[in-house]
Amino acid sequence: LVVQVAASVPGGTVVGNTAQLAATSDTGQSTMQVATTTTSVLAPTQLSATKSASGSFSPNSTVTYTVVLTNTSTYLQADYPSDEFSDTLPAGLTLVNASASAGVAAAVGNTATWNGALAAGASVTITITATITAASGTAISNQGTIFFDGVGDGIDNDTSALTDDTAVAGATDPTDFVVAQQSVVEIPTLGGMGLAVLALLLGAGAATVLRRRRRVSANWLVR
C-alpha cells in the first residue's frame with residue numbers, strides 16, 4: 001500500500017494508519033484483526049552561512065570574523081547535542097573570543113563553536129576575534145562548517161556545509177586575507193618656514209646664554 005502525504009501537512013506531523021480485517025469461520029464465528037502503524041512526516045532544514053573578515057590585518061593586531069548563519073528552510077532547526085557551527089582557525093591566528101547574538105558560542109583552544117535552535121527564516125550572528133601571529137605577507141585562509149538536520153528526521157545534525165565569503169564569486173568560498181606590513185609611525189618634519197623659525201629660536205637662545213655667561217664673568221672680575 002503506497003500513499004502520498006498532502007503538501008499541506010507540516011513537517012514533524014505523526015501520521016497514523018489503522019487496518020482492520022474481519023473474518024467469519026465455518027462455524028459462523030466472526031473475528032476482527034486490527035493493526036496500527038505511525039509515520040513521521042520529515043521536516044528537512046537547510047542552513048547557509050556567510051563569513052567576512054575585518055581589521056588592519058597587520059602582525060599582532062586583532063582580526064574579527066563575522067558569521068551570519070541563516071535557516072533558509074520552512075522548518076525549525078532544533079538545537080541538537082552536536083554543534084550547529086564549528087570553526088577551527090588556521091596557523092597564524094590565535095583565537096581570543098567567540099560570541100553570538102543568540103544561542104551559545106564557545107571558544108576552546110583554537111576552535112570556535114555555536115549551538116542553538118533557528119526558526120524558519122531566522123538568522124544568528126556569530127563574532128569571532130583572533131590575534132594575528134603570522135608574519136607580514138602570509139596568506140591566511142579560513143572557512144567554518146555548519147551542521148543541520150538535512151534529512152529532517154528530528155534525530156540529529158546529519159548534513160554539513162561550508163561558510164561562504166560573499167565578496168568572492170561562488171557559493172562556498174573561504175575567507176582570505178594577506179597579513180599586511182607592520183605599521184610605521186611617521187615622525188612629522190618641518191618645512192622651510194618651520195626650519196627658519198627654529199633657527200631663529202635657537203639663535204636667540206644661544207645669544208641669551210652667551211650674555212648670561214658674560215655677566216657672570218664680569219661680576220667675577222669686579223670682585
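**Figure 1. Overview of the predicted chain.** Buried residues account for 25% of the 223 residues in the chain. The model shown here and in the views that follow is a predicted one. The chain contains one helix and 13 strands. Followed along the sequence, these elements give the pattern β-β-β-β-β-β-β-β-β-β-β-β-β-α.

**Figure 2. The aromatic pair F57 and F177.** A pair of aromatic rings is described by the distance of the centres and the angle of the planes. The structure holds one aromatic pair. F57 belongs to the loop between β3 (47-54) and β4 (62-71), while F177 belongs to strand β13 (residues 175-178), so the pair ties together parts that lie 120 residues apart in sequence. Both F57 and F177 are buried.

**Figure 3. The surroundings of K51.** Side chains of opposite charge can pair when their charged atoms come close. One salt bridge is found in a search of the whole structure. Its partners are D87 and K51, with 2.4 Å between the closest N and O atoms. D87 is part of strand β5 (residues 85-88) and K51 is part of strand β3, so this pair links parts that are 36 residues apart in sequence. D87 and K51 are both buried.

Figure 4. Which residues of strand β10 (residues 139-142) lie on its covered face, and which on its uncovered face? I140 and N142 form the covered face, whereas A139 and S141 form the uncovered one. Strands β10 and β13 run antiparallel and are joined by four bridges. Within this pairing, N142 of β10 stands opposite T175 in β13.

**Figure 5. A nonpolar patch on the surface.** The patch consists of M193, V197 and L201, which together have about 330 Å² of accessible area. One of these residues, V197, is located in helix α1 (residues 192-222). Is V197 exposed or partly exposed? V197 counts as partly exposed because its relative accessibility is 40%, and this class lies between the limits of 20% and 50%.

Conventions: Residues are numbered from 1 along each chain as its sequence is written. This is a predicted model: local features need pLDDT of at least 70, side-chain atom pairs count only at pLDDT 80 or more; totals for chains, interfaces and linings use all residues. Side-chain values use heavy atoms; hydrogens and water are left out. Rings of Phe, Tyr and Trp (its six-membered ring) pair if their centres lie within 6.5 Å; planes under 30 degrees apart count as stacked, over 60 as edge-to-face and the rest as tilted. Helices (H or I, at least four residues) and strands (E, at least two) are DSSP runs, numbered from the N terminus. Buried means under 20% relative accessible area, exposed over 50%, partly exposed in between (1.4 Å probe, protein chains only). Patches are made of residues with over 30% relative accessible area and no salt bridge: like charges are joined within 9 Å, nonpolar side chains (Val, Leu, Ile, Met, Phe, Trp, Tyr) within 5 Å. Accessible areas come from the Shrake-Rupley method with a 1.4 Å probe; for residues, only the protein chains shown count as cover. A salt bridge is a side-chain nitrogen of Lys or Arg within 4 Å of a carboxyl oxygen of Asp or Glu. Two strands pair if DSSP finds at least two bridges between them.
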